[in-house]
Amino acid sequence: TWTADNVVAAQMELIREQVGSDQVICGLSGGVDSSVAAALVQRAIGDQLTCVFVDHGLLREGEAEQVEVDFVQSTGVHLKVIDAREQFLNALAGVTDPETKRKIIGREFIRAFEGAAREIVADAGDKDGDVKWLVQGTLYPDVVESGGGEGAANIKSHHNVGGLPDDLQFQLIEPLRTLFKDEVRAVGVELGVPDEIVWRQPFPGPGLGIRIIGEVTAERLAILRQADAIAREELTRAGLDREIWQCPVVLLADVRSVGVQGDGRTYGHPIVLRPVSSEDAMTADWSRLPYDVLSVISTRITNEVRDVNRVVLDVTSKPPGTIEWE
Ligand code: XMP
């Protein structure tokens, strides 16, 4: 029978067998999946694990700090932070196709992990050393939707599955690969991962990069980051965090519409709110949020965020829409 402690025990044994005395790195995003995967591997092999947080510049406001406070402080795991903001922005310059963006982001993640692995070896002063293993928090739905499951179509390449480069130098450890999100949360609780992480809403590895429809630029990221922070703040204030699965905030960067502010004409971008309810992200329904909450979010975003003059609500279920727009 399926219980969280069975999963933990079985995976710990498997991980120990696989890696022996090798060094292992784990990409940490601050999200549920990578945190639970890291906690599991840490339980299995302790100090052989170093977590790597890649700041790719596609993060939401406060995210980098959150990882430090919520995860690193409570687990005492070794953490290496890699500033890859310029690297990712350069790689994404001029790119608008969603799958191409996903593949580039997947590839740049791996390049960042390779850089981190070299630094870890150098720090240890181990000339012949090598980091062979990379832990990823891949879940079963990621595998299915990336076309990795039996008979599955490639709906989108998740950054940690369909987006990996062919010349991957690491062997992968994916202890959550057969699990759904609710099971991952149960495993997280079993491992003592803090509530702030276990109950965090999902956020995609490619981050805000796939929530800007059009080219990703530093300026557009700043606009979206600000709008997203407002939406999250108001949803939290309204006590809706556990009720909704997640609420992507999307910037239609190549669309403009006419508006009016004071005496003047504006010609700005729309922001899309995409609140959904779901059990496992394989299917979803749009959340019937209270109008007064939507109203506050809309007013604040159009007042406070430069270049945004319209807020629209996505009322599409999955299928036929996916949760993220790209
Ligand atoms: P879609 O858009 O496919 O999203 O309906 C389903 C769930 O997966 C999240 N998502 C991702 N998570 N890497 C991730 O770690 C990715 O590349 C990725 N793409 C989508 C999405 O936020 C939703 O919860």
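In the predicted model, 13 residues of domain 1 are in contact with eleven residues of domain 2. The domain assignment of the protein chain places domain 1 at residues 4–198 and domain 2 at residues 211–313. Between the C-alpha centres of domain 1 and domain 2 the distance is 28 Å. On the side of domain 1 that touches domain 2, helix H4 and helix H7 (181–190) each contribute at least two residues. By class, that side of domain 1 comprises six nonpolar, three polar and four charged residues.

The axes of H4 (residues 85–92) and H5 (residues 98–123) come within 10 Å and cross at roughly 150 degrees. Angles over 145 degrees count as roughly antiparallel, and H4 and H5 are therefore assigned to that arrangement. The crossing in which H4 passes H5 is right-handed. From H4, the residues making the contact are Gln 87, Phe 88, Ala 91 and Leu 92, while H5 contributes Lys 101, Ile 104 and Glu 108. Four nonpolar, one polar and two charged residues make up this contact of H4 with H5.

Most peptide bonds are trans, and most residues other than glycine have a negative phi. The bond from Lys 318 to Pro 319 is cis, with omega near -10 degrees, and Pro 319 is located in the segment after E12. Pro 319 is in turn joined to Pro 320 by a cis peptide bond, for which omega is about 5 degrees; Pro 320 likewise lies in the segment after E12. A further backbone feature is found at Ala 281, a residue other than glycine with a positive phi, near 70 degrees. Ala 281 is situated in the loop between strand E10 (276–277) and strand E11 (285–286).

How values were computed:
Residues numbered from 1 in each chain as written. Predicted model: local features only at pLDDT ≥ 70, side-chain atom pairs only at ≥ 80, totals over all residues. Axes fitted to C-alpha atoms, helices over the stretch in contact; angles between N-to-C directions. Helix = DSSP H or I, 4+ residues; strand = E, 2+ residues; numbered from the N terminus. Parallel < 35°, antiparallel > 145°, perpendicular 65-115°, else oblique. Left-handed = near helix turned anticlockwise from the far one by under 90°. Contact = placed C-beta atoms within 7 Å. Nonpolar A, V, L, I, M, F, W, Y, C, P; charged D, E, K, R; others polar. Domains from an automatic or database assignment.
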